Amino acid sequence: SVSYPFFGTHQAGIVTPAQDRLHFAAFDVADDLSRDDLIELLQDWSTAAALMTAGRDVGEFGSVNGPYDAPPEDTGEAQGLPPAGLTITFGFGPTLFQAADGADRFGLAARRPEALTPLPHFPGDMLEAGRSDGDLCIQACADDPQVAVHAIRNLSRIAFGRAAIRWSQLGFGRTSSTSTSQATPRNLFGFKDGTANIKAEEPDAVNDQVWVGDGDGPTWLAGGSYLVARRIRMTIETWDRTLLREQETVFGRTKGAGAPLSGGTEFSEPDFVIVGRADAPLIDHAAHVRLAHPTQNAGTRMLRRGYNFVDGNDELGRLNAGLFFISFQRSPEQFTRVQLNLAKNDALNEYIRHVGSALFAVPPGAATGSYVGAALFA
Ligand code: HEM
């Protein structure tokens, strides 16, 4: 079973190949938490993350070898399971630096990156407070759902009294490839998703578009990134009554191979100029891939790493389904630019609704024996 080290230059879970499963949680810290408590929490989380990503139980004695008269240190449901490619990625929300009421709880206000402010309101947003924002976040990805859930469960248990889950999301199928070694998976509209994504094998694009550079902002964030999470409902019942022709027009790609409607195969560059018999471009002006394409966004790209979700159903029997969109970028401005373009004109908007939103600064990786975000407190 594959495993990824927790310690390193960059946090794992960004350019490491996207795993099949997600458990994502946003936390709010306790009102009376001190700066030292916060540091201790990040230290405890880092220690536990290093153990779990290596396929081990948390704590000194784990799930069954501790004292008989105490609760076990590890909750135990990952006993006997391999690491399953587990990655645990930590992020810091705007409110960690400055609370909603303006309070500088941890003496961090002066260290807040200028770009770490809540995302703007986009046309069509129907955001729910209970699915948005948070002081801290943890993205746990693994190829086994039990391993991802075990990670979030134990990290939230370790945080007891110091931070509590504000909202969380399970994802069951990746909707991106982050390596050319991976086949492109499909989203719940049945389309290949992740074709034109930034891949780990493109080091120039990763450096240019994903990692925060040395001169970009506060030095503590250099080598880190910004994580945008958007919970996007997909009205799949409406979609499923839509003609195949319309479905392909909406994306600008074929539903089978995922090739651009301008021709070629999956990885051919789309051509937005070439016209068909009706003198209209083969790829519609409002097509998602056109409006999201770097040529329509001043060269802007991002690394997408989202997951499909189905969270039960409503009283009419409609599935509560969608895409838990996650993207990593060097600056939140990259997401904002593309999303503004999409929110205004995307043909896809008829079938989707953004209901949750959050932005986090993702510090660089922790050095061996240190903890995630250490440079922020130095
Ligand atoms: C491309 C689906 C939301 C950014 C694509 C593709 C599909 C897709 C099928 C074509 C294959 C590919 O290159 O990956 C969806 C669905 C969404 C959604 C179903 C919502 C439920 C978003 C959002 C953003 C975004 C919110 C960012 C603001 C992109 C980008 C591309 C893309 C940058 C690649 C464009 C290119 O370079 O050709 N998406 N997407 N998507 N999407 Fe989305």
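## Asn207 and helix α4

Asn207 lies in helix α4, which spans residues 203–209. In this predicted model, Asn207 counts as exposed because 11 other C-beta atoms lie within 10 Å, and a residue is exposed if that number is 12 or fewer. Between Asn207 and Ala70, which are 137 residues apart along the chain, the C-alpha separation is 48 Å.

## Annotated N-terminal domain

An unreviewed UniProt entry carries the annotation "domain: Dyp-type peroxidase N-terminal" for residues 11–172.

## Shell around the ligand

The ligand has 27 residues around it, and those that come nearest are Thr195, Ala196, Ala292, Leu323 and Gln339. By class, 16 residues of the shell are nonpolar, 7 are polar and 4 are charged.

Four elements each supply at least two residues of this shell: β6 (225–234), α7 (288–292), β9 (319–329) and α8 (332–345). The largest share, 4 residues, comes from α8.

## Nonpolar core

In soluble globular proteins, nonpolar side chains tend to be buried together. The largest nonpolar core here has 90 residues. Its members that touch the most others are Leu86, Cys137, Ala140, Ala148, Ala151 and Leu227. Helix α1 (residues 35–53) provides the largest share of this core, with 8 residues.

Leaving aside neighbours within four places in sequence, the contacts of Cys137 are Phe24, Ala25, Ala26, Gly91, Gly93, Leu227, Ala358 and Phe360.

Conventions:
Residues are numbered from 1 along each chain as its sequence is written. This is a predicted model: local features need pLDDT of at least 70, side-chain atom pairs count only at pLDDT 80 or more; totals for chains, interfaces and linings use all residues. A residue is buried if 20 or more other C-beta atoms lie within 10 Å of its own, exposed if 12 or fewer, and partly exposed in between; C-beta atoms are placed from the backbone. UniProt positions are given in the numbering used here, feature names are shortened, and annotations may be inferred rather than shown by experiment. A residue is near a molecule or strand if its C-beta atom, placed from the backbone, lies within 6 Å of it. Ala, Val, Leu, Ile, Met, Phe, Trp, Tyr, Cys and Pro count as nonpolar, Asp, Glu, Lys and Arg as charged, and the others, Gly among them, as polar. A nonpolar core is a set of buried Ala, Val, Leu, Ile, Met, Phe, Trp, Tyr and Cys residues joined through C-beta atoms within 7 Å. Two residues are in contact if their C-beta atoms, placed from the backbone, lie within 7 Å.
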